[in-house]
Every structure is written in C-alpha cells, then in structure tokens.
Protein chains: 2
Amino acid sequence: MSEALLRLEAFLHEQIPLSRAMGVSVRSYDADGLVIDAPLGPNHNHLGTAFGGSLSAIATLTGYALLWMELGETNAHIVIKSSTIRYLRPVRTGICAVCRRLDAETLAHLKETYTRRGKAQVDLQVRVMEDQQVCVEFEGLFVVMR
Amino acid sequence: MSEALLRLEAFLHEQIPLSRAMGVSVRSYDADGLVIDAPLGPNHNHLGTAFGGSLSAIATLTGYALLWMELGETNAHIVIKSSTIRYLRPVRTGICAVCRRLDAETLAHLKETYTRRGKAQVDLQVRVMEDQQVCVEFEGLFVVMR
C-alpha cells in the first residue's frame, strides 16, 4: 500500500474513532476509485448481515476519504451536508465500499471554486459491492471549506 | 428505566455490536417518541464534532428501535430499505436522537398489512437535537417482514 493510503488510514483511525471500531481498512485508490473495506464481525446486525448504520457510516467515510485524496491532503475542512442511501441487497460476508473518482472537469471546478470562494460542494457516489453485485447505493453532498 | 427499554438496550448491544462501540443508551419511550443517546467520545470526527457516519448510524438504529417497541417485540424482521439525511448543524456535546411515534392510524395500517401480506413498510422520521435545535433530520423507509 502506498504511503498516502497508510497516512489516510492512520488519519481515519486517529481522528474518527468509529472507523477503528468498525475495523475499516483503506484498500486501494486508483482510476476506478477509492476502496475501503471492513469485516462483518463488528458491523453485523441481528440478522447476521451488515447493519444499515455501519453501511451508511462506511459509505460516508469513503466519500470523505476520496475527497481527502483528491484534494491532496489540503488543510480544507470536509463535511457532509446530506446523503441518500438505498439498501438493495443484504451484505453477507464483508463490507467493500467504492467511491468513484471525480472526473477531471468536476475536480478542476471544485478546486477553482474552493480557491476563489473558500467554499465549494460536490456530489459523490459510493457503492457497496459483494460478489460483483451492488448491495448499497449512496449519494452524498460534501462541502469543502477553509 | 422500564424493563422493556432495558431489554431493548441489551438486545441492541448484543445483536448490533456497533451500538455498543458507539456507547448507545436507550433513554426513553413515551408519547413524544423513542430517544437514544450516545456520547461524543467514540463518535467524534476530525473536527471534534459528531461524525456524520455516527449520526446516520444512530438515526438508523433509533428508527429500528422505535419499530421494535411499537410492534411489541414481535418476531418480525425489521430492515431498512432507504434513507435520506440532512446535516443542518454540527453536534458539539453529545448525540441525542429522537424518533417520533407513529400515529394510531399509521400503526394500525402497518400491523394490518403485515398480518395480511407478511410484509409492510413505513416511513420514520428521526431528529438529532442539541440545545433545543435540530442538528440532523433523517427519514428512513423501513420494512417489516416475516
């Protein structure tokens, strides 16, 4: 794993203790997006599948982490403003959340607006996948500010 | 605290381990709704306020718990199908989530549909309050099934 991903994982575990309690690992960051996963053990519900609250928390964290990487670990504050989540299938083995990369134009616009106004917002999509099927679809509106 | 609330809290801590990691307590259940709270310690973010993922997880749990109480601890399975959350203000001291009671007509309809079809769904509203201000608004669609 790259040093940037190790720094991201350490940052999440230190600054957002729930990420440690959930057993979150930063898996990869490439052209497809940022991947975070977590075992079922600390995240199961009364039915033995992933708890919806764990899924929404990990999706939120994955969106946050993608921005942290895309913005190059700036000192910008990143917060979530709103989100919508749809639970399509139960997650039975482990949680694997993928946040898609921003396309170049969207990222450039985000950075330009942030630089000019000190504040900008962006929509991010996160999916939780299992056996190549989409189990959860999440869309979050994140705000970047000084 | 009533025995039913103690049973609910024990059930959540045993069956949904994240609720224990978040330090969730079932506070009250009366005409105003079901109240669950959790300290900031295990639930803060990098800014020292409540992590959005903790807030969404606790809102989800509070909706689930309200149904558990309203349905009288039936053997019905309760799962969440979708939700939307809006973060209006940062939560600075501790998390207090309130799920409003269902009105009598909605509850009767839910039970009747569940009995007849083995499956029914219902919208629940949860708010996270601090200093008498609404910090978070959550709406979740829950499914009750055999």
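Asp131(B) sits out in the open, exposed with a relative accessible area of 69%. Keep in mind that this is a predicted model.

**Positive phi in the loops**

- Asp131(B) belongs to the loop that links strand S5 (119–130) and strand S6 (133–145) of chain B.
- The phi of Asp131(B) is positive, near 50 degrees, and this residue is not a glycine.
- Over in chain A, Gln132(A) is in the loop between S5 and S6, and its phi is near 60 degrees, again positive in a residue other than glycine.
- Gln132(A) is exposed too, with a relative accessible area of 80%.
- For context, most residues other than glycine have a negative phi.

**Helix H4 of chain A**

- H4(A) covers residues 104–117, and its 14 residues should span 20 Å at 1.5 Å a residue; the end C-alpha atoms are 20 Å apart, so the two agree.
- Leu107(A), Leu110(A), Thr113(A) and Tyr114(A) are the buried residues to look at in H4(A). They cover an arc of only 135 degrees around the axis, which means they sit on the same side of H4(A).
- Among what covers the buried residues of H4(A) are helix H3 (52–70), strand S5 (119–130) and strand S6 (133–145) of chain A.
- Turn to the face away from the buried side and you'll find the exposed residues Ala104(A), Glu105(A), His109(A), Thr115(A) and Arg116(A).
- At the start of H4(A), Asp103(A) has a side-chain oxygen within 3.2 Å of the backbone nitrogen of Glu105(A).
- After H4(A) comes Gly118(A), with a positive phi near 80 degrees.

**Where chain B meets chain A**

- The contact involves 34 residues from chain A and 35 residues from chain B.
- Together the chains bury about 2600 Å², with 66% of that on carbon and sulfur atoms.
- On the chain B side, Leu18(B), His46(B) and Phe51(B) lose the most area to chain A, together 24% of what that side buries.
- Between the chains there are 14 residue pairs in polar contact, counting pairs with both residues at pLDDT 80 or more, and 0 salt bridges.
- Helix H1 (3–15), helix H2 (17–21), helix H3 (52–70) and strand S3 (77–87) of chain B each give two or more residues to the side that touches chain A.
- S3(B) supplies the largest share of that side, 11 residues.

Conventions:
Residues numbered from 1 in each chain as written. Chains lettered and ligands numbered in written order. Predicted model: local features only at pLDDT ≥ 70, side-chain atom pairs only at ≥ 80, totals over all residues. Heavy atoms only, no water. Helix = DSSP H or I, 4+ residues; strand = E, 2+ residues; numbered from the N terminus. Expected span 1.5 Å × (residues − 1). Buried < 20%, exposed > 50% of the residue type's maximum accessible area, 1.4 Å probe, protein only. Arc of directions from axis to C-beta. Contact = heavy atoms within 4.5 Å. Polar contact = N/O pair within 3.5 Å; in protein donor to acceptor, adjacent residues only side chain to side chain. Buried area = accessible area lost by both parts, 1.4 Å probe. Salt bridge = Lys/Arg side-chain N within 4 Å of Asp/Glu carboxyl O.
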